[in-house]
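The stops below go from a pair of helices to a sheet and back.

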Amino acid sequence: MTGEPARVLVVGGGVGGLEAALALRALGRRHLRVELLSAEPQFTYRAWSVGTPFGHGAAVEVDLGHVAADVGFTLLEGRLEQVDAERHEVRTQEGVLAYDHLLLALGAKPVSIVDGAFTFLGPANAAELGALLAEDRLPAGARVVFVTSPSAVWPLPAYELALLTADRGGPAVMLVTGERTPLECFGRQASAEVAALLRDRGVEIFTSTVPASFDGEQLLVPMAGSLPADVVVALPGLVGHPIAGIPHDASGFVPVDEFCRVQGLDDVFAVGDMTARPLKQGGLAAQQADVAAAVVASDAGSPVGVEAYAPVLRAILLTGREPRYLRHPPLPELRPQSPDEAPWWPPDKIVGRHLAPYLATHGELVVTPAHA
């Protein structure tokens, strides 16, 4: 290795990409030259948009150019088209870029999973969902069903939408999920607490149920009949964005090892929703980004410890009243952690070792988009 800093190219301006850029600058400041390639000039923090239909919570945006200037990485605007891992080059619409290490954080593409249902995409159609659920739009005795299935890969927003709708009063609210128990990814105790919360709010839940379509009156569940409904709101599934030169499975997701290195490729890493890991969530994408950044910084000569990816699942569940804080595995404490207490700081939706503190201390860079 020469005395020149290693060139790290991060591709993707979402949670995983921005966390990676911040981590790389923190861990390898003298050993790395960090560039971030993004198709969009801003980072959109989407997690709070689930509250938009109910008059609170919205997506916010951060100008990536301002972050780059503040933190010390180079922002490149463009869209990745191809990776030549042997030559250590990528091709974009604008030309060819060389790299020493490549870190991909390109996310995934949402797709509808219930024909005829309203698919909630977050900021893109939160206002439209608000209009659909408006009290003056719903008939008397309306039945509103929220759906998440195994292919939705992150079920929590469906629970939030159901609880927020029930808390406002009016329609009968139902939640249909392909999970065996409510939010089973958080473990038995949290699942039982969420089930109790749903019962207290009058939300009827149907588990191990995967519907196929909605005809305007009935939600069809193959081999099990149908459920009467006036409005059905479903979370999307996800499929990958296949990239020439990068291996992927039948759904377009990229296989990675425990250090987030793309299988079969040297100096290429992938994190977040684009990877072939079953659960897709912003906090997990940030943890993957931290692992990959540590490997890259260590390889470049920084005195950084490297540990394999060992996910810790954290989430804030919006309920319409006090939020619930969920963590799996639970904190190893002598006393039980109250679900109403924040077990991490800052207490935000997406827990990133570098991203969350940065946003919490740089509020001047955060703006609410005009369409929110």
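The model is predicted. Start by selecting residues 15-27, helix α1, and residues 282-299, helix α6. The two helices pack with their axes 8 Å apart, at an angle of about 35 degrees. Their crossing is right-handed.

Now show side chains at this contact. On the α1 side, select Val 15, Gly 16, Glu 19, Ala 20, Ala 23, Leu 24 and Leu 27. They meet a set in α6 that runs through Gly 282, Ala 285, Ala 286, Ala 289, Asp 290, Ala 293, Ala 294, Val 296 and Ala 297. How do the residues of this contact divide into nonpolar, polar and charged? There are 12 nonpolar, 2 polar and 2 charged residues.

Next, turn to the sheet. What is the order of its strands? The sheet is open, has 5 strands in the order β5-β2-β1-β9-β20, and its pairing is parallel. Select 74-77 for β5 and 268-270 for β20 to see the edge strands, each of which pairs on one side only. From one strand to the next, the twist averages 20 degrees.

To look at one residue pair, pick Leu 102 and its bridge partner in β20, Val 268.

Finally, bring α1 back into view with the sheet. Helix α1 packs on the sheet and touches β1 (6-11), β2 (32-38) and β9. Compare its direction with that of β2: the angle is about 165 degrees.

Methods. Residues are numbered from 1 along each chain as its sequence is written. This is a predicted model: local features need pLDDT of at least 70, side-chain atom pairs count only at pLDDT 80 or more; totals for chains, interfaces and linings use all residues. Side-chain values use heavy atoms; hydrogens and water are left out. Axes are lines fitted to C-alpha atoms, for helices over the stretch in contact, and angles run from 0 to 180 degrees between N-to-C directions. Helices (H or I, at least four residues) and strands (E, at least two) are DSSP runs, numbered from the N terminus. A crossing is left-handed if the near helix is turned anticlockwise from the far one by less than a right angle, and right-handed if clockwise. Contact means heavy atoms within 4.5 Å. Ala, Val, Leu, Ile, Met, Phe, Trp, Tyr, Cys and Pro count as nonpolar, Asp, Glu, Lys and Arg as charged, and the others, Gly among them, as polar. Two strands pair if DSSP finds at least two bridges between them.
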